[in-house]
Amino acid sequence: MKERIRSVFFMFGICLVFTAAVSAVNKINEDRIRLNEQMRIQGLVLNVLQIDSSGMGSDTEIAGLFQKRVRTSTLGNRPLYVGLDPKGQTVVGYAFPISGPGFWGPIEAMIAVDPQVSRIIGVAFYRHNETPGLGGRITESWFQKQFQGRTLETPPPGKRYFTFKAQGTAKGNAELDAITGATETTRRLETFLDEELKQVIVKLSQQKPS
Amino acid sequence: MATPSIRSIVRKGIWEENPVIRQILGICSALAVTNLMTNTLIMGLGLIFATAMSCATVSALRKVTPDRIRMMVQVLIIASYVMIVDIVLKAYLPKISEALGPYVGLIITNCIIMGRCEGFARTNPVWPSFVDGIASGTGYAIVLLMIATVRELLGFGSIFGFGVLPAHWTRWTIMVMAPAGFFMIATFIWITRSMENRTNPQKA
């Protein structure tokens with residue numbers, strides 16, 4: 001009996017010590033981790049809004065540029081980033097995150113559209129668990145660049161904003177090149193991209209915050 | 001049981017009882033992270049740290065830990081160190097942390113650490129246990145790096161992210177995917193076994 005009570009107290013004590021140590025490490029690095037995440041999103045938003053940050057070396061410069069050129073707002077339950085011209089007055093575009101299931105796990109992307117909400121100006125897939133070399137190629141620039149300049153015409157009922165066709169056979173505004181060998185990733189991407197766009201574009205066209 | 005010499009601990013961890021090729025432990029992460037060398041290296045370093053520190057701590061507490069709850073205590077210790085590694089990676093190497101995804105957290109369930117704690121650290125003093133952790137971790141890291149070298153070279157045509165093969169090199173996509181991990185580990189075990197059989201014919 002005494003042995004059992006000792007075990008309980010020992011476990012309790014050791015839990016206390018180790019969780020305290022882990023919490024302390026976490027507390028010390030908390031701000032840094034949050035800042036990293038924030039930096040990543042800021043760089044990404046600037047990128048899809050086609051605001052040139054290539055000359056920016058340090059994190060503080062990018063943060064400064066973001067402060068000047070982007071205003072953070074909300075669209076329903078997702079964040080909306082309003083891109084401004086260098087003077088900080090006219091809207092040059094809107095960026096918003098979209099996400100949905102991929103083949104191995106969720107895919108997250110940032111999409112930017114022009115101030116009239118009629119055209120895509122940039123797309124970046126920034127978090128995914130797709131197979132490297134296959135579905136993982138959604139992060140390659142040729143794949144992301146093909147979205148640029150596409151007009152956002154409301155598709156007829158039963159149709160999608162964009163469909164993926166075998167690489168090299170895509171024609172017209174609504175068709176995009178798929179990734180060879182990544183059928184599942186492309187199929188799922190096509191589905192959630194459409195669902196998300198249908199939701200966001202309607203809301204954004206009504207609001208168009210300036 | 002007498003504590004083995006540091007030299008024999010190191011030799012056992014890296015070669016004679018290498019966790020991956022001899023004991024077939026830690027295979028899950030060996031398959032998952034070995035398609036890029038940078039990720040593999042960080043994973044290996046994370047595991048070396050977690051194993052060494054866990055072994056040292058388990059060993060330091062070996063005389064006061066009640067026998068019946070020792071597994072719980074070990075898991076708690078291992079989990080704490082792995083979480084520390086995870087937090088530090090997130091704070092200082094966010095890109096790599098992103099690429100390794102859930103695998104850093106999964107070091108907790110890596111059988112190598114538990115195996116060394118239970119099989120060695122529980123009955124040996126702190127210093128040899130610490131060295132044993134480092135040796136086993138290094139044995140794991142070396143094997144993984146070798147596998148990663150082949151997979152990255154053939155799959156991406158690069159080493160540590162630097163392109164070394166000419167641009168017209170046809171990438172072996174299969175090398176990038178998980179099945180290639182199985183092929184490579186199997187081939188590796190085959191080669192090392194044959195090597196050993198040649199040097200110790202009586203064992204064969």
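## The main nonpolar core

The largest nonpolar core has 53 residues, and those with the most contacts inside it are B:Ala50, B:Cys55, B:Tyr81 and B:Val82. A nonpolar core here is a set of buried Ala, Val, Leu, Ile, Met, Phe, Trp, Tyr and Cys residues joined through C-beta atoms within 7 Å. Buried means that 20 or more other C-beta atoms lie within 10 Å of a residue's own; exposed means 12 or fewer, and partly exposed covers what lies in between, with C-beta atoms placed from the backbone. Elements giving two or more residues to this core are helix 1 (6-16), helix 3 (37-60), helix 4 (70-92), helix 6 (111-119), helix 7 (126-156), helix 8 (173-176) and helix 9 (178-199) of chain B. Helix 4 of chain B gives the most, with 11 residues. Helices (H or I, at least four residues) and strands (E, at least two) are DSSP runs, numbered from the N terminus.

Which residues does B:Ala50 contact, leaving aside its neighbours within four places in sequence? They are B:Ile78, B:Tyr81, B:Val82, B:Val85, B:Ile107 and B:Ile113. Contact means that the C-beta atoms of two residues, placed from the backbone, lie within 7 Å. There is also a second, separate core of 36 residues, which includes A:Ile51, A:Ala95, A:Ile107 and A:Phe143. As a general point, nonpolar side chains tend to be buried together in soluble globular proteins.

## About the model

Please keep in mind that this is a predicted model: local features need pLDDT of at least 70, side-chain atom pairs count only at pLDDT 80 or more, and totals for chains, interfaces and linings use all residues. Residues are numbered from 1 along each chain as its sequence is written, while chains are lettered from A and ligands numbered from 1 in the order in which they are written.

## Chain B as a whole

Chain B has nine helices and two strands. From the N terminus on, its elements run α-α-α-α-α-α-α-β-β-α-α. The radius of gyration of chain B is 18 Å, close to the 17 Å that the globule rule gives for 204 residues, so chain B is as compact as a globular protein of that length. That radius is taken over C-alpha atoms, and the rule is 2.2 Å times the number of residues to the power 0.38. Along its principal axes, the C-alpha trace of chain B spans about 60 × 50 × 25 Å.

Buried residues make up 43% of the 204 residues in chain B. Of the contacts in chain B with a separation of 6 or more, 76% are between residues 24 or more positions apart. B:Gly137, found in helix 7 of chain B, is buried, with 28 other C-beta atoms within 10 Å. Not counting residues up to four places away in sequence, B:Gly137 touches B:Leu47, B:Ile48, B:Thr51 and B:Ala52. B:Gly137 and B:Val20 are 117 residues apart in sequence and 9.9 Å apart in space, C-alpha to C-alpha.

## The sheet of chain A

Chain A holds an open sheet of five strands in the order 1-2-3-4-5, with antiparallel pairing. Strand 1 (70-75) and strand 5 of chain A are the edge strands, each pairing on one side only. The twist averages 25° from one strand to the next. Two strands pair if DSSP finds at least two bridges between them.

Strand 2 (residues 78-84) and strand 3 (residues 91-101) of chain A pair in the antiparallel sense over four bridges, and they form a hairpin with six residues between them. In the turn, A:Gly88 has a positive phi of about 80°. Strand 3 and strand 4 (residues 106-113) of chain A pair in the antiparallel sense over eight bridges, in a hairpin with four residues between the strands. A:Ala95 is the bridge partner of A:Tyr81, and A:Ala112 in strand 4 is the bridge partner of A:Ala95.

## Helices across the sheet

Helix 1 of chain A lies across strand 1, strand 2, strand 3, strand 4 and strand 5 of chain A, running at about 150° to strand 5. Helix 4 (residues 183-207) of chain A lies across strand 1, strand 3 and strand 4 of chain A, at about 140° to strand 3. Axes are lines fitted to C-alpha atoms, for helices over the stretch in contact, and angles run from 0 to 180 degrees between N-to-C directions.
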